Amino acid sequence: MTSPWNSEVFTGLFQFAASRGELCPKEIKSMDTSRYKHLFSGSQLKGLRVKNRIVFPPMVCFGYTGEDGIASAKNLEHYRLRAENGAGIIITEATSVKKNGRAATTQLGVWSDEHIAGLCDIASLVRGHGSVSLLQLHHAGLVSPLGVSPEPAGPSAEAEKPTSRELSPPEIRDIIKAFILGAFRAREAGFDGVELHGAHGYLINQFANPLWNRRADEYGGSFENRMRFADEIIKGIRELCGNEFILGYRMGANTPALEDGIKTALYLESLGVDYIHVSHGGNLQNLPRPPKGFDFNWMVYSGVKVREHLKIPVIVVNEIKTAERANFLIESGLADFVSIGRPQLADPFWVRHVQLGEEINACLTCKPRCRWYESSDLCPARKKLSEKVY
Ligand SMILES: Cc1cc2nc3c(=O)[nH]c(=O)nc-3n(C[C@H](O)[C@H](O)[C@H](O)COP(=O)(O)O)c2cc1C
Ligand code: SF4
């Protein structure tokens, strides 16, 4: 493993700090630069250099875009702040491949060619700051709210949702095509690749999970049938976007149980997926229990277990929270990359602050859930920064 503190990185940091007039050379020299050396070690993803092991995971910013789903100046500013001296991999928020498959009326979209120009601005600024740029492709399926889709549809109708219904085979093929076209538009916009949102109980995850998928046709029943929806999306993207284009998959580890998650990850690897990002499956059943002494939650544990079976890189996520803990996961060989989500919402300069040993604007782990789901303006940590940054 190479040290990040080679002359190239050091010179880069020095130039950056000097250009901002924030640090004098003496201060830089006095930094303890070896503290998080594993976290700041370079790596590769499908032949692309990744400058550190930190991922800015997909995080929706509802309200930043209008009904048209076109990236706004707010979206751009959001990624610009986080890309400046930021994470090695930046994955955009869930970006909808179908207007009637959104999770909210103000969600970023990629369902039409009109989205390409705005997405191009995001991709070029992320790449311009030296991060690998990925776009997360999403369809909410059964959990689309009524304001988006009066008849939310998925693999099977949901008893608790009286207006929900089962997708017909032609509709399924139409959504598969929308995912493939979404990936193609992401490539046109200049992204290095896409991540399929196959977690959190959204459409791809609904097909994979037998608790939601009770179909009797070729898209339901056996494991292979339930994975057919993802399988056809993956093959189509490969065909249209080529082999160089990064194709990642965010999976729900408990779909429905961790053993199934491991099987799913192996299957995805065999289909030619380039990395796996392990999160939850949108339900609270079959949660794996980390062994005593494992100081992370069940999602990180699931990522570590999935990784034991794969050759492709694995990103682990959820409540990693600090650079110490993130560095530990990399140093111990438990993960290839670590996603740091809410801390980077609370402090857009989290990566730089860690790297320079500066004070971090801490995330307060709001309960019952992060306020960004409603509006970033409600984030108490962001309020502290607002005069300086926003
Ligand atoms: C406000 C908010 C928005 C999110 N949006 C997405 C999303 O668009 N796609 C996705 O896969 N996960 C999404 N997530 C989950 C995050 O990517 C991440 O897995 C989660 O925040 C846990 O990581 P953390 O503990 O480092 O924050 C979101 C989480 C939050 C709090
Ligand atoms: S709203 Fe709360 S949990 Fe979300 S980023 Fe801000 S401080 Fe953290």
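## Helix α10

How many residues does helix α10 have, and how far does it reach from its first C-alpha to its last? In this predicted model, helix α10 covers residues 298–309, which makes 12 residues, and it reaches 17 Å from its first C-alpha to its last. That is close to the 16 Å expected at 1.5 Å a residue.

Nine of the 12 residues of α10 are buried, so the helix is largely enclosed by the rest of the structure. You can find the buried ones as Met299, Val300, Tyr301, Ser302, Gly303, Val304, Lys305, Val306 and Arg307. What do they pack against? Their partners are α9 (258–270), β11 (275–279) and β12 (314–316).

## Strand β11 and its neighbours

Let us turn to β11, one of the elements that the buried residues of α10 pack against. Five of the five residues of β11 are buried, so this strand too is largely enclosed by the rest of the structure. Tyr275, His277 and Ser279 point one way from β11, while Ile276 and Val278 point the other way.

Strand β10 (residues 246–252) runs parallel to β11, and five bridges join the two. Here Gly252 stands opposite Ser279 in β11. To get from β10 to β11 the chain passes through α9, in a β-α-β crossover that is right-handed.

β11 also pairs with β12, again in the parallel sense, over three bridges. In this pairing Val278 stands opposite Val316 in β12. Helix α10 comes back into the picture here: β11, α10 and β12 make a right-handed β-α-β unit.

## Strand β6

Strand β6 spans residues 132–138, and seven of its seven residues are buried, so it is largely enclosed by the rest of the structure. Both faces are covered, with Val132, Leu134, Gln136 and His138 on one side and Ser133, Leu135 and Leu137 on the other.

Which strands pair with β6 in the parallel sense? Strand β5 (residues 95–96) is joined to β6 by two bridges, with Thr95 opposite Leu137. Strand β9 (residues 193–198) pairs with β6 over four bridges, and there Gln136 stands opposite Glu195.

## Around ligand 2

Finally, have a look at ligand 2, which 14 residues surround. The closest are Cys363, Cys366, Cys370, Arg371 and Cys379. Helices α12 (342–346) and α14 (380–389) each supply at least two residues of this shell. By type, the shell divides into 10 nonpolar residues, one polar and three charged.

Terms used: Residues numbered from 1 in each chain as written. Chains lettered and ligands numbered in written order. Predicted model: local features only at pLDDT ≥ 70, side-chain atom pairs only at ≥ 80, totals over all residues. Expected span 1.5 Å × (residues − 1). Buried ≥ 20, exposed ≤ 12 C-beta atoms within 10 Å, placed from the backbone. Contact = placed C-beta atoms within 7 Å. Near = placed C-beta within 6 Å. Nonpolar A, V, L, I, M, F, W, Y, C, P; charged D, E, K, R; others polar. Pairing = 2+ DSSP bridges. Right-handed = clockwise from strand over helix to strand, strands pointing away.
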